[in-house]
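Please go through this short report on a single protein chain.

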Amino acid sequence: MDDGLRVTLRQDAPIPLDIDLDCAPGEVLALTGPSGGGKSTILRAIAGLYAPKHGRIFSKETTWFDSEIPLNLPAHKRSAGLVFQNYALFPHLDALGNVMAAMDHLLPPGRMGRARDLLGLMHLKGLERRRPAQLSGGQQQRVALARAMARDPNVLLLDEPFSAVDKNTRTTLYDELRELRGVFRMPILLVTHDLEEAALLADRICLIDKGRMLENGPPRAILTHPVSEAAARLAGLKNLFRAQIVAQDNAHSILAWAGGRICAPRRDGLNIGDDVAWSIPSTHIVLRESVPGDMTDRENVVCGVVDAQTPLGETMRLTVIVDAPQQPRLSATLPIHDQQLSVCRQGARVTLLLPAAAIHLMRPSD
């Protein structure tokens, strides 16, 4: 990691921070979490626009910030490219001028050719002389990316870079960011509130809440097997419930839930009598028209009434009120079939199978 980025930030106020993260060259690390959680402050601290009370920021064998020395390099001396949510382009300069404005480190004769190359890389050839007001939102974002890369940075910092463009443009920009990371192998930190975007673009996701890292790992692990109930809530898991472990063997735990029993894979550190949180992806729930007589106790069959049915292209989302005094609601995402559409109409009784292998146990959060 000597050629990557390492960040440690600590402070209690005015914005609480308790952060330890790293990002390798060619890697995309997404910082996500609720608004006001500290994500943009972390990016600003790395860029040199904010000085935390304590910490260290180290990039490619160079220390940018160290509160113990103390050392705090100004923003223009840090090799970081920063793209803001609102692009922050100079309105009086054309696309070429905006990119060249970031090239103080190059001799004047080499700036124009380099700026044209970067704009071409961002698919803006022929638009060099247009000012920001003459460009679409997606084109402005490409100019902002070209300007960030014009500094020949060691680190690329993206602060909600795609939130101001429409869905089709966003998809195109996703593809272009993937191209960019293949050309320039550098750590890329992406701040986004959109978990789907983070999962599409990032190698790792870091969940941040109130300036604290709750979890840091691959997107699939974060979205299906979070380490805690708090992380699961931030990850937007729909089927998240509380239960108690009432029995166990070497491989499985039996949970008391909704007046019945649920079987789940055993997790180390969770024992009989413990209160737990559990979740299951909506896509793993199976609709059963009837219950076979040879089913075992580990099949986790639940019954209930359809509260809502929402077609989503080739799939359908059901919300089912489970037969229990507490009336918990399960969300199931199922393939659409004509027969299912009628069987699963609002108010219909259904039987759902919750495969034990798909259930994930966690310690409950306060």
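## Charge

The protein chain carries 41 positive and 41 negative side chains. Lys and Arg count as positive, Asp and Glu as negative; His and the chain ends are not counted. The centres of the two sets lie 5 Å apart. Each charge is placed at NZ of Lys, CZ of Arg, CG of Asp or CD of Glu.

## Basis of the model

This is a predicted model, in which local features need pLDDT of at least 70, side-chain atom pairs count only at pLDDT 80 or more, and totals for chains, interfaces and linings use all residues. Residues are numbered from 1 along each chain as its sequence is written, and side-chain values use heavy atoms, leaving out hydrogens and water.

The protein chain has nine helices and 21 strands. These are DSSP runs, numbered from the N terminus: helices are H or I with at least four residues, strands E with at least two. Along the principal axes, the C-alpha atoms fill a box of roughly 80 × 50 × 30 Å.

Of the 366 residues, 48% are buried (under 20% relative accessible area; exposed is over 50%, partly exposed in between; 1.4 Å probe, protein chains only). The chain exposes about 17600 Å², by the Shrake-Rupley method with a 1.4 Å probe. Carbon and sulfur atoms supply 49% of that area.

## Cysteines

The structure holds zero disulfides (pairs of cysteine sulfur atoms within 2.5 Å). For Cys206, the nearest cysteine sulfur is that of Cys23, 11 Å away. Cys206 is buried, at 0% relative accessibility.

Cys263 is also in no disulfide; the sulfur of Cys303, its nearest, is 18 Å away. Cys263 is buried, with a relative accessible area of 1%.
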